[in-house]
Amino acid sequence: MTFTKVSVSALALMAVSATTAAARDEIRIVGSSTVFPYTQAVAEQFSNNTGAPSPIVESTGTGGGMQIFCGGIGESHPDITGASRAMKPSEFELCQQNGVTEVSEALIGFDGLSLAISRANDFAWDLSLAEIYLALAAQVPVDGEWADNPYTMWNEINPDLPAVEILAYGPPPTSGTRDAFVELAMHAGCEDLPFVQDGGFDGDWVGENCSRMRTDGPFVEAGENDNLIVQRLEADANALGIFGYSFLYENLDKLKGVMIDGIDPSIETIADKSYPVSRPLYFYVKNAHRGVIPNLNEFIEEYMSDDALASDGYLSERGLVALAEDRREALQEAVLNGTAMTAPE
Amino acid sequence: MTDITNAPGPRSPHRTTELIAGTLKRRHAKEARLKWIGLGAIGIAFTMLFILIASLVSSGWQAFAQTHISVAVYIDPQEVPAENLPRGGFDDVLAAAMAQMLPDADTDDRATMRSLNGILSNGAQFSLRDQVVANPDLIGQTVTIKVPVSDPFDQLNKGLIDRDTIEQNRRVTDREIAWFDTLKDQGAISKPFNWALFTNADSRFPELAGLKGALVGSFWVLSICFIISFPLGIGSAIYLEEFAPKNKLSDFIEVNINNLAAVPSVVFGLLALAVFIGWFGMPRSAPIVGGLTLALMTMPTIIIATRAALKAVPPSIREAALGVGASKQQVVFHHVLPLAMPGILTGTIIGLAQALGETAPLLLIGMNAFITSAASSPFDSATALPTQIFIWADSPERGFVSRTSAAILVLLGFLMLMNAVAIYLRQKFQRKW
């Protein structure tokens, strides 16, 4: 009876699948959604050039990627993880505990975090980091006291700014972009405040008190989808958006970057670090997997090649801000030789 | 004799008619109002559906055509030596061919040559390479190839880039627009149907990206889901309907199956992550895991539909079969199940259609990876249609905006097809008693 046959084969299939240890011939990559497009580009180029099976690239976020990456050694664990910040000591610890002892760190370039606004907005926006902090932080100094953020209009922060309501769309706390924004813009802006400078507060105090974004309306968490933020900015000419520079770069006809301390976000200003809100992008590779997983070494060579990483390479065309030449050469040598990273501080 | 009209007692028929006549207008008005509210509700539902489809079509229709360019390429033996294949300077050969079509381009300038190459899709050099590798005699000859143009020029050709914006603010420069117009005047540019949308797997480049990987992935996922959930679902339904004693335990099971049908799909995803991937050690991103997960989700739907279909078979058929000496198993397989099949199939197809559109559990088991080849077995990594839409919706390149809508339209097309099959089966095999 066909019915019985189908049932039996279904059970057989389940049994087989349960016992199959995934013998894989493709590279597996997890990690940051910011590094994802660059890794995708390298993976596709690599597969086209060599005819090898294309690596499987999964966007899990930096933190999620580290958890999976540090899960252990072996075919069921990924070979590479992308990160939009350096590995944290706790993650390094986790890796060590699970036997992932030899990891190479590769800094592939920089990504600018841009504040953008619709081109329909006529004002030439130029904010200082302190103004950004005052507009978006949960707690700010009010009359010499550290209190909940009272500002609702931009001109309350600086009379030169237009009298429009503060409204900014940004990434949620699970995003590496958010971590980077808090660290690079909010902490730096907080440190610039006269209240903090005169009060003699140290870095720990800043980390503790200046990390929270306000939750009373002006800052809206718009989810991980940056295209959605772009659409919302088009719909509301007075809203600001916070996202990676590559999204601004692709949408320059609709959006303009908000200058920070008089500097416009662009490939040049991010590369020479004059634009203050830029972050390094990394990938991490398990040295124990090299030579075991087929093609892993060749893939790393492709990632480290001048074609990919140089300032006129194909990753730059996607918005990655390349490293200076001497730094790139040092990096290529270290990564290709499999120099293991030491514990981060 | 009593005066009827004055007597207390039962109301006169005449008065009742009057009473009815008095409220009749109000009741008719109420009826009309109900009718209009109902019509209004349908109107709103249809307007919503229309807006959804219209917005998808208006942003997605452009993705069904792709701008191509025909280039006559001289395969220079100096750039592409036969002994070096498959490696060779195919991009240089292409840039030279482009320069020939655009006489005003400065061929000595590296940046100019790069932007000439930028008109062509990145895939052009690889498709040329594959042609030459397949037929090395082409070296030294001139071949005409038709390749996609890169995304910014596709957008330009489709009128999605406003030529009046300031040069710095658009992805193509004035010079590139002039080149493109020259090529268009030469008749090299065409805009055929975008078959690549169905024959290519995913790509970083919108002009090369297609749904093949997602379609194949969805096929594997649904096959596994069907193979597991269909027999298990029917088996449970037959037991519960035909054999199970009516007691507290079977009531308890029934309530829980109904509850299971209402569990949010993301919970099944977490379960699959913990059990199938974590405990059984199955591969991440594999359709086998996706299929098993969705089978858990589809099974309650199938059980409920099958039980309803079995219930609808009149008891007289069972009794007649039992009466002529058939065993219970024979009654079920020879009489009840065939008669219930149309209902079962309808329920199954609707359950599978639900599974086809399911995204959340697939995201949790990693079926949203970037994979540039289609899976050849359920154990390979793959994406599915909804997760492919998820990936494209999050991509910065402009070309993916219309491709996302196009992919949604393809998904909706498949859902409608499956529902149409369900309706057809029901109409064709339905029996009236």
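Visitor: Which side chain does R85(A) meet in a salt bridge?

Guide: R85(A) pairs with D179(A), with 4.0 Å from N to O. Keep in mind that this is a predicted model.

Visitor: Okay, and how is chain A divided up?

Guide: Chain A has domain 1, covering 23-110 + 280-336, and domain 2, covering 112-278. Their C-alpha centres are 30 Å apart.

Visitor: How many residues does each domain bring to the contact?

Guide: Domain 1 of chain A gives 12 residues, and domain 2 of chain A gives 12 residues. Together the two domains bury about 870 Å², with carbon and sulfur atoms giving 57% of that area.

Visitor: Which three residues supply more of domain 1's buried area than any other three?

Guide: Those are F110(A), G319(A) and V321(A), which supply 45% of the area that domain 1 of chain A buries against domain 2 of chain A.

Visitor: How many salt bridges cross between the domains?

Guide: There is one salt bridge across that interface. On the side of domain 1 that touches domain 2 in chain A, you'll find three nonpolar, six polar and three charged residues.

Visitor: Let's switch to chain B. How many of its residues are in contact with chain A?

Guide: Chain B has 40 residues in contact with 45 residues of chain A. The two chains bury about 4000 Å² between them, and 52% of this is on carbon and sulfur atoms.

Visitor: What about salt bridges there, how many are counted?

Guide: Two salt bridges are counted between chain B and chain A. In one salt bridge, the side chains of E58(A) and R284(B) meet at 2.5 Å, N to O.

Visitor: Which element of chain B gives the largest share of the side touching chain A?

Guide: That's α8(B), with five residues. By class, the side of chain B that touches chain A has 19 nonpolar, 11 polar and 10 charged residues.

Visitor: Back to E58(A): what stands opposite it in β4(B)?

Guide: A369(B) stands opposite E58(A). Strand β2 of chain A, residues 56-58, is joined to β4(B) by two bridges, and these strands run antiparallel.

Key. Residues numbered from 1 in each chain as written. Chains lettered and ligands numbered in written order. Predicted model: local features only at pLDDT ≥ 70, side-chain atom pairs only at ≥ 80, totals over all residues. Heavy atoms only, no water. Domains from an automatic or database assignment. Contact = heavy atoms within 4.5 Å. Buried area = accessible area lost by both parts, 1.4 Å probe. Nonpolar A, V, L, I, M, F, W, Y, C, P; charged D, E, K, R; others polar. Helix = DSSP H or I, 4+ residues; strand = E, 2+ residues; numbered from the N terminus. Pairing = 2+ DSSP bridges.
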